[in-house]
Amino acid sequence: MAVIITMIYYFVFLFLYFQDVIRGVSFVVILLLSLIILSIFLIVYWKNRAIKRKVILSTSLMALLFCYELPLLFYDAYTHAAYRYTDPLEIYKGSGIYLLGVNRVDFQFTENKKAVIDLLNKQQMDYLNITKITNLDRYGSKNRQLLKWFHLRKSDIDQMRDNVKQFLGQEDGRINEFLNSDTIEGSSAGLGLALTGLIMRGDLQNDLKIAVTGAISETGDVLPIGILKEKMQIAEKAGFSLMIIPSANRKEALEIQKKLHVNIKILDVAQIDEAVLLINELNDNSK
């Protein structure tokens, strides 16, 4: 019962944190104060075996929760993110497959979007979009970092490398050189890398200029990606007329296209083999 009450207490404040009602510092301080109060109770009721056992359970659980949430303190400062244009990258010249990346700049202690815009204008930096970083975003970043620290989860780059290698059946120097770059984040280049690898070894031919984004699984399924609006803006700005995206992002892409009047033909695929067939069909129709 003590454990259940402690967890309910914790989830109430976690919910308030997710709703941006309280900040990360406040959340961690609440857990710390709760841990101190429980420790005092433990000292007071040390000789009462029945109560002592319950308080020990609650105190131990609260200590674990406090340690787990403590890293949130390091994420509280980040308030906004600006997304900037990055030139689409063709890692194998002549492949026609261009990877779409977005340059993200995080801002600390900015009060609102206008403050970020003022800073960007002062530094003469163009931008595609500015978003507010929510507590849910911070919490996800914290959890991913913890998993990396304890080697419980591969980084997105390592997972992408493994999935591309699994699909192609071999590694490639150009692909590894791209993946080893310090500027690469996320896994949305997976589909483009797999298609590039097929072209490099002669299993696929392409004479068109195609923007490609999409993560992949080890079995060749094309998985959804984020920051789609900015990638579509970059593709249009770079002069692409064709863009391949995951089928899971199709509805979002159509909404973005309608809202921003993006003049690009959006093509969606659910598997790499489907993308190969699509590229072959596009090339046949262009002759």
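Which residues does Lys231 touch, not counting residues up to four places away in sequence? In this predicted model, Lys231 touches Leu100, Val102, Ser188, Thr213, Ile225, Gly226 and Met243, where contact means heavy atoms within 4.5 Å. The residue sits in helix 9, residues 228-237; helices (H or I, at least four residues) and strands (E, at least two) are DSSP runs, numbered from the N terminus. Lys231 is buried, buried meaning under 20% relative accessible area, exposed over 50%, and partly exposed in between (1.4 Å probe, protein chains only).

A word on the ground rules. Residues are numbered from 1 along each chain as its sequence is written, and side-chain values use heavy atoms, with hydrogens and water left out. Since the model is predicted, local features need pLDDT of at least 70 and side-chain atom pairs count only at pLDDT 80 or more, whereas totals for chains, interfaces and linings use all residues.

On a 1 Å grid over the protein atoms alone, a cavity is a set of points where a 1.4 Å probe fits but cannot get out, and a pocket is an open set with protein on both sides within 12 Å along at least five of seven lines; lining residues have an atom within 4 Å of a point. Grid points are joined across faces, edges and corners, and a volume is the space filled by probe spheres set on the points.

The largest pocket has a volume of about 1,600 Å³. Its lining is made of 44 residues, with Arg104, Asp156, Glu185, Gly186 and Ile227 nearest the centre. Two or more lining residues come from each of strand 1 (78-84), strand 3 (103-108), strand 4 (129-132), helix 5 (135-149) and helix 6 (156-168), and helix 5 gives the most, with 7. By class there are 18 nonpolar, 13 polar and 13 charged residues; Ala, Val, Leu, Ile, Met, Phe, Trp, Tyr, Cys and Pro count as nonpolar, Asp, Glu, Lys and Arg as charged, and the others, Gly among them, as polar.

Ile227, one of the residues nearest the centre of that pocket, lies in the loop between strand 7 (222-223) and helix 9. Its phi is near 50°, a positive value in a residue other than glycine, and at 36% relative accessibility Ile227 is partly exposed. Phe109, in the loop between strand 3 and helix 4 (113-122), also has a positive phi, near 55°. With a relative accessible area of 62%, Phe109 is exposed.

The second largest pocket holds about 270 Å³. Ala2, Ile5, Thr6, Leu38 and Ser58 are the closest to its centre among 14 lining residues. Helix 1 (2-18), helix 2 (24-44) and helix 3 (49-69) each supply two or more, helix 3 giving the most with 5. This lining has 10 nonpolar, 3 polar and 1 charged residues.

As for cavities, the count comes to 1 of 30 Å³ or more. The largest cavity contains about 50 Å³ of space, and its lining residues include Arg161, Lys165, Glu171 and Asp172. Helix 6 and helix 7 (173-179) each give two or more residues, with the largest share, 4, from helix 6.

How values were computed: Lys, Arg positive; Asp, Glu negative; His and termini not counted. Salt bridge = Lys/Arg side-chain N within 4 Å of Asp/Glu carboxyl O.
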